[in-house]
Amino acid sequence: DDFFERGLLGIAFDPAYDSNRFVYLYYTANTSPQRNRITRFTADGDTALPESDLQVLELEALNAGNHNGGAIHFGTDGKLYVAVGDNAVSNNSQILTNRLGKFLRINSDGSIPPDNPFFGTAAGANRSIWALGLRNPFTFAVDSLSGRIFINDVGQFSREEINDGIAGAN
């Protein structure tokens, strides 16, 4: 679904890509209702094999065309980090009952690491929350030496933010 800010949001190559050929796509699925999801494919040369399609993560239903966020990268810990926008509902970013307006951390198979900061206080898929309080984290970077994560969050009208992607941060 390519409405407004939807579409292909991010691409990440598995840290073991040379041996497993896994490529992860973060995109807005053209479903009803629309949802952002992460799917893993196995590459053969420069082609993703359609039969290798494995859904790793599916987020909450979208009602806005903006504030999708849109980046995925592997951290130095081998975990997959996901920047998720608040779906144009600012209250989403402050609650642990959905993954919108958050920064997520999952294993490459979509399971949730038990050492995530809200693993014991959030329920179900919301245990994947690594940090909260984000509006529209359009991209982020992982320092390959220190592992430090910098989240670029789109502000409104007059400011932009760069946030530390620290476990449990708000």
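1. Strand E10 (residues 137-142) and strand E11 (residues 149-154) run antiparallel, joined by five bridges. Here two strands pair if DSSP finds at least two bridges between them. Helices (H or I, at least four residues) and strands (E, at least two) are DSSP runs, numbered from the N terminus. Six residues lie between the strands of this hairpin, and Gly147 has a positive phi near 85 degrees.

2. A word on the basis of all this. The model is predicted: local features need pLDDT of at least 70, side-chain atom pairs count only at pLDDT 80 or more, and totals for chains, interfaces and linings use all residues. Residues are numbered from 1 along each chain as its sequence is written, and side-chain values use heavy atoms, with hydrogens and water left out.

3. Now the overall fold. The chain holds one helix and twelve strands, and along the sequence they follow the pattern β-α-β-β-β-β-β-β-β-β-β-β-β. Its radius of gyration is 15 Å, close to the 15 Å from the globule rule for 170 residues, so the chain is as compact as a globular protein of that length. That radius is taken over C-alpha atoms, and the rule is 2.2 Å times the number of residues to the power 0.38. Along the principal axes, the C-alpha atoms of the chain fill a box of roughly 45 × 35 × 30 Å.

4. For burial and surface, 47% of the 170 residues in the chain are buried. Buried means under 20% relative accessible area, exposed over 50%, and partly exposed in between (1.4 Å probe, protein chains only). The accessible surface of the chain is about 8400 Å², and 51% of it belongs to carbon and sulfur atoms. These areas come from the Shrake-Rupley method with a 1.4 Å probe; for residues, only the protein chains shown count as cover.

5. Contacts (heavy atoms within 4.5 Å) give another view of the chain. Among those between residues at least 6 apart in sequence, 47% join residues at least 24 apart.

6. E6 is joined by five bridges to strand E7 (residues 80-84), and the two run antiparallel. Within that pair, Ala71 stands opposite Ala83 in E7.

7. Five residues lie between E6 and E7, and Gly78 in the turn has a positive phi of about 80 degrees. Gly78 counts as partly exposed, at 32% relative accessibility.

8. Leaving aside neighbours within four places in sequence, Lys79 is in contact with His73, Phe74, Arg105, Ile106, Asn107 and Pro113. The C-alpha atoms of Lys79 and Ser52 are 21 Å apart, and the two residues are 27 residues apart along the chain.

9. Finally, is Asn92 buried or exposed? Asn92 lies in the loop between E7 and strand E8 (102-106), yet it is buried, with a relative accessible area of 11%. Not counting residues up to four places away in sequence, Asn92 touches Asp86, Asn87, Asn98, Leu100 and Lys102.
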